[in-house]
Amino acid sequence: MTALAKIVHTTPEIEAEPDLTDGFHLVIDALKLNGIETIYGVPGIPITDLGRMAQAEGMRVISFRHEQHAGNAAAIAGFLTQKPGICLTVSAPGFLNGLTALANATTNCFPMILISGSSEREIVDLQQGDYEEMDQLAIAKPLCKAAFRVLHAADIGIGVARAIRAACSGRPGGVYLDLPAKLFAQVMDAEAGQKSLVKVIDPAPAQRPAPEAIARALDVLKSAKRPLIVLGKGAAYAQADEAIRALVETSGIPYVPMSMAKGLLPDTHPLSAGAARSTALKDSDVVLLIGARLNWLLSHGKGKSWGEPGSTKFIQIDIEPREMDSNVEIVAPVVGDIASCVQALLDGMGKGWQQPPSDWTETLKAKREANIAKMAPKLMSNASPMTFHAALGALRTIVKERPDAILVNEGANTLDLARGIIDMYQPRKRLDVGTWGIMGIGMGFAVAAAVETGKPVLCVEGDSAFGFSGMEVETICRYGLPICIVVFNNNGIYRGTDTDPTGRDPATTVFVPDSRYDRMMEAFGGVGYHVTTPDELTRAVNEAMNSGRPALVNAVIDPAAGSESGNIGSLNPQSGIKKKK
Ligand code: ADP
Ligand code: TPW
Ligand code: MG
């Protein structure tokens, strides 16, 4: 059934003349034809009716309180499903609010499409001051992978198809689609309209690696004495889980997962060197990167983290050829999609493959066990207020018992410590701040994770991090989503103990002490919990997750426990001026 058959709201011409369609319906039909079932957005002129009609046409339209969170939801929907997530916003301010999420999606290689309504081109271009006037296309361009504008209803099919292909093919990313208000009202013959739609065939074609590239990579791997595999979120995105597991196990090469690749193989896997990360990076001689960039998160592939200069050779699997040699020389670039490349490596290993020397694997295993043993007592502490470690020790057990739950995580200490402490057991179950370390992804990611997968979601949020998207608690309650938010409340950013040296104002990093975030959840009909011990935390989260209802647990954390910027304090610039003693 086409959109036309069930019109609720439409332009007067269409009501009078059923053989016509319009821009609204063509956009909906184009999305549906391409298997897109959900829109995340915030309504207003000129897209209110688009949302209404999409809902009437059976699409799910999830309305947020702020476009940034709708955009983040669309982005992570793209990561989870390999289909571009759709974010729909109004013009200028709504568009700008969504743009942060579009830029973040592009940076993280998540496929999404930001669709914004826009003002009259003729007035915008002459800068005559239209309602919410802005040259959105020009502003979006440098911040996304591609940007398109559709001016004629007959081009909507092509515009949507181009947007989908641009978002999903090659390195995935964010696409902006500019739809001027006038377009929605444009009317055309219904049959011609249907014919103008395009179902995108094979939006992310397999890109098979060159046989020479595979042979070269295998030669380098064979020469290694201390090889290591680094799995990045590209590997998680690729959904080549079985092939990746087979590659690790057949090769016998230890691996380190980047944060969103955790769970691709269970963190408890014997070849996981996650808990021996520093040693693994520093002492490895050959590193096979799979869907992970050598950016700041991997110290650019050089410096102290990587041992003696020149001591590490890199093999890199990536779909983006220009990623190669971006920071250091890649001795064996393998350009292609991860599923094809990993399979080709596996095939090339054949029967005679020699697993790495056992002294290397044993060294990493010993280091990992020592690190885990060192951490264990900290996770058991029953002190009140709780330390980060004790609270995370409790959540670690909960995730172990509920491996299919999706964990969303942001904050500084709350992020860095959770990443290390909470083991993941299944692919694509850990969603976090990604490449930019951006705060504010929490509620948007949580909503889309619940909507797209139907799985329970556990959000572990610093109190500052939570504040960036906290109003979406109402959205979570409105849709009755199975999301349990745990706010690690240490009264501030990194710590709750700073003071203004002049004594005039609160310090820049502290919040109202002893705030009760649980009451925000209660305000909208969800369940709030206030806990001060790991046992209470465990009980609250289990009860909340068993109920499948929205819940927020305000977990009181020692305000003095955190460190500045969590694990990345060294990135803070130091003043050149010496303090007077
Ligand atoms: P992490 O932050 O986990 O280290 P990055 O975001 O830095 O991961 O890297 C992800 C990489 O994965 C990007 O360079 C991207 O081009 C690549 N990528 C994404 N999807 C695929 C795919 N299907 N095949 C190959 N490479 C991919
Ligand atoms: C969009 C800078 C990094 S981490 C953080 C901020 C503000 C909050 C840390 O406090 P939180 O965690 O969440 O309470 P904890 O456990 O250490 O107390 N604006 C954006 N992104 C970033 N990364 C920042 C600011 C930042
Ligand atoms: Mg905090």
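Let us begin with Phe466, which counts as buried because its relative accessibility is 1%; buried means under 20% relative accessible area, exposed over 50%, and partly exposed in between, with a 1.4 Å probe and protein chains only. Please bear in mind that this is a predicted model, in which local features need pLDDT of at least 70 and side-chain atom pairs count only at pLDDT 80 or more, whereas totals for chains, interfaces and linings use all residues. Residues are numbered from 1 along each chain as its sequence is written, chains are lettered from A and ligands numbered from 1 in the order in which they are written, and side-chain values use heavy atoms, with hydrogens and water left out.

Which residue forms an aromatic pair with Phe466? The partner is Tyr517, and the arrangement is edge-to-face, with 5.8 Å from centre to centre and 90° between the planes. Here, rings of Phe, Tyr and Trp (its six-membered ring) pair if their centres lie within 6.5 Å; planes under 30 degrees apart count as stacked, over 60 as edge-to-face, and the rest as tilted. Tyr517 is also buried, at a relative accessible area of 13%. The pair links distant parts of the chain, 51 residues apart: Phe466 belongs to helix H20 (residues 463–469), and Tyr517 to the loop between strand S17 (483–489) and helix H22 (518–523). Helices (H or I, at least four residues) and strands (E, at least two) are DSSP runs, numbered from the N terminus. The whole structure holds 8 aromatic pairs, and Phe79, Phe110 and Tyr237 form one aromatic cluster.

I turn now to the sheets. One open sheet has 6 strands in the order S3-S2-S4-S5-S7-S6, with parallel pairing; two strands pair if DSSP finds at least two bridges between them. Its edge strands, S3 (60–63) and S6 (146–149), each pair on one side only. Within this sheet, S2 (residues 38–41) and S4 (residues 85–89) are joined by 3 bridges, and Tyr40 has Cys87 in S4 as its bridge partner. Helix H19 (residues 442–453) lies across S2 and S3, at about 165° to S2. Such angles run from 0 to 180 degrees between N-to-C directions, the axes being lines fitted to C-alpha atoms, for helices over the stretch in contact; contact means heavy atoms within 4.5 Å.

Another open sheet has 5 strands, ordered S10-S9-S11-S12-S13, and its pairing is parallel. S10 (255–257) and S13 stand at the edges with a single partner strand each, so one side of each has no neighbour in the sheet. S9 (residues 227–231) and S11 (residues 286–290) share 5 bridges, with Ile229 opposite Leu288 in S11. Helix H11 (residues 211–222) packs on this sheet and touches S9, S11, S12 and S13. Helix H13 (residues 241–251) packs on the sheet too, touching S9, S10 and S11.

Is Arg322 buried or exposed? Arg322 counts as exposed, because its relative accessibility is 71%; this residue lies in the loop between S12 (313–318) and S13 (332–335).

Finally, the chain as a whole. Its secondary structure comes to 23 helices and 19 strands. Of its 581 residues, 56% count as buried.
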